[in-house]
Amino acid sequence: MKKTILTIAILTASAFANAEYMIQIPLEVSGGGSLPNGSIQIVKNGVNPTNPAPEPTPDIPAEPEAPALTPELACFARESEARSFIANNVVDGVFEYVEFHDIPNDTSPTCRIRFTAPKSLYFPFCAGVEDENNARSIALMNATKAANFSYVVGYTGVCK
């Protein structure tokens with residue numbers, strides 16, 4: 001019984017034994033580290049003699065951002081660009097308007113130009129000039145896509 005009590009006492013005493021360790025890592029040059037002396041400062045609440053608290057500045061409200069254009073307004077904003085496009089790419093074409101169109105699952109551009117053009121130059125089924133008219137129509141279609149427009153053409157006149 002004596003050995004049991006002694007064992008319990010030794011185990012209990014060792015369970016309460018504490019050891020204290022201290023590790024010192026030199027940081028500043030004066031202690032053997034690589035940081036400049038005085039670069040580490042322990043402060044209370046972020047204020048110390050070399051770094052006083054900044055003076056409070058009155059809040060200046062930021063200028064409100066301009067609202068983003070809706071798709072409809074973005075198309076209307078491109079009207080002069082659309083007019084120039086028709087003038088430069090469609091022989092005898094007449095600009096009518098530009099409009100926004102939103103067709104679900106359609107990958108074509110959303111700004112559509114409406115214009116009129118001579119049937120004899122752009123209509124693909126005019127007898128005798130099918131190849132030339134098809135070539136003109138395809139070139140117009142490619143130029144329109146490159147300019148990020150789609151188009152609707154109203155043909156005027158007759159086939160020659």
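Author: The questions below concern a predicted model, and they turn to the sheet, the helices, the disulfides and one asparagine.

Reader: In what order do the three strands of the open sheet stand?

Author: The sheet is open and its pairing is mixed. Strand 1 (94-100) and strand 3 (150-156) each have a single partner strand, so both stand at the edges and one side of each lacks a neighbour in the sheet. Neighbouring strands are turned by 20° against each other on average, direction ignored. The order of the three strands is 1-2-3.

Reader: Do strand 1 and strand 2 run parallel or antiparallel?

Author: Strand 2 covers residues 111-118, and six bridges join strand 1 to it. Within this pairing, Phe100 stands opposite Cys111, while Val94 has Thr116 as its bridge partner. The two strands run antiparallel.

Reader: How many of the eight residues of strand 2 are buried?

Author: A residue counts as buried under 20% relative accessible area. Strand 2 is largely enclosed by the rest of the structure, because its buried residues number six of the eight.

Reader: At about what angle does helix 3 run to strand 1?

Author: Helix 3 comprises residues 79-89 and lies across strand 1 and strand 2. Helix 5 (residues 130-146) also packs on the sheet, where it touches strand 2 and strand 3 and its direction makes about 145° with that of strand 3. For helix 3 and strand 1, the angle is about 140°.

Reader: Within what arc do the buried residues of helix 3 fall?

Author: The buried residues of helix 3 include Ala82, Phe85 and Ile86. Residues three or four places apart in an α-helix point the same way, because there are 3.6 residues a turn. Seen down the axis of helix 3, its buried residues line one face, since they fall within an arc of 95°.

Reader: Which elements are included in what covers the buried residues of helix 3?

Author: On the other side of helix 3, Ser80, Ala87 and Asn88 are exposed. The cover over the buried residues of helix 3 includes strand 1, strand 2 and helix 5.

Reader: How far apart in sequence are the parts that Cys75 and Cys111 tie together?

Author: Cys75 and Cys111 form a disulfide, with their sulfur atoms 2.0 Å apart. The link is left-handed, with -100° about the S-S bond. Both Cys75 and Cys111 are buried. Because Cys75 lies in helix 2 (residues 71-77) and Cys111 in strand 2, the pair ties together parts whose separation in sequence is 36 residues.

Reader: Where in the chain do Cys126 and Cys159 lie?

Author: The sulfur atoms of Cys126 and Cys159 are 1.9 Å apart, and the two residues form a disulfide. With -65° about the S-S bond, the link of Cys126 and Cys159 is left-handed. The pair links distant parts of the chain, 33 residues apart: Cys126 lies in the loop between helix 4 (119-122) and helix 5, and Cys159 in the segment after strand 3.

Reader: Does Cys159 count as buried or partly exposed?

Author: The cut-off for a buried residue is under 20% relative accessible area. Cys126, at 1% relative accessibility, therefore counts as buried. Cys159 has 29% relative accessibility and so counts as partly exposed.

Reader: What pattern do the disulfides of the protein chain follow?

Author: The count comes to two disulfides. With bonded cysteines counted along the chain, the pattern is 1-2, 3-4.

Reader: Which residue has a side chain joined to that of Asn133 by a polar contact of 2.8 Å?

Author: Asn133 is placed in helix 5 and is buried, with a relative accessible area of 1%. Not counting residues up to four places away in sequence, Asn133 touches several residues, among them Lys119, Tyr122 and Cys126. The side chain of Asn133 also reaches the backbone oxygen of Ser120 at 3.3 Å. The 2.8 Å polar contact joins the side chain of Asn133 to that of Arg136.

Conventions: Residues numbered from 1 in each chain as written. Predicted model: local features only at pLDDT ≥ 70, side-chain atom pairs only at ≥ 80, totals over all residues. Heavy atoms only, no water. Pairing = 2+ DSSP bridges. Helix = DSSP H or I, 4+ residues; strand = E, 2+ residues; numbered from the N terminus. Axes fitted to C-alpha atoms, helices over the stretch in contact; angles between N-to-C directions. Contact = heavy atoms within 4.5 Å. Buried < 20%, exposed > 50% of the residue type's maximum accessible area, 1.4 Å probe, protein only. Arc of directions from axis to C-beta. Disulfide = S-S within 2.5 Å. Polar contact = N/O pair within 3.5 Å; in protein donor to acceptor, adjacent residues only side chain to side chain.
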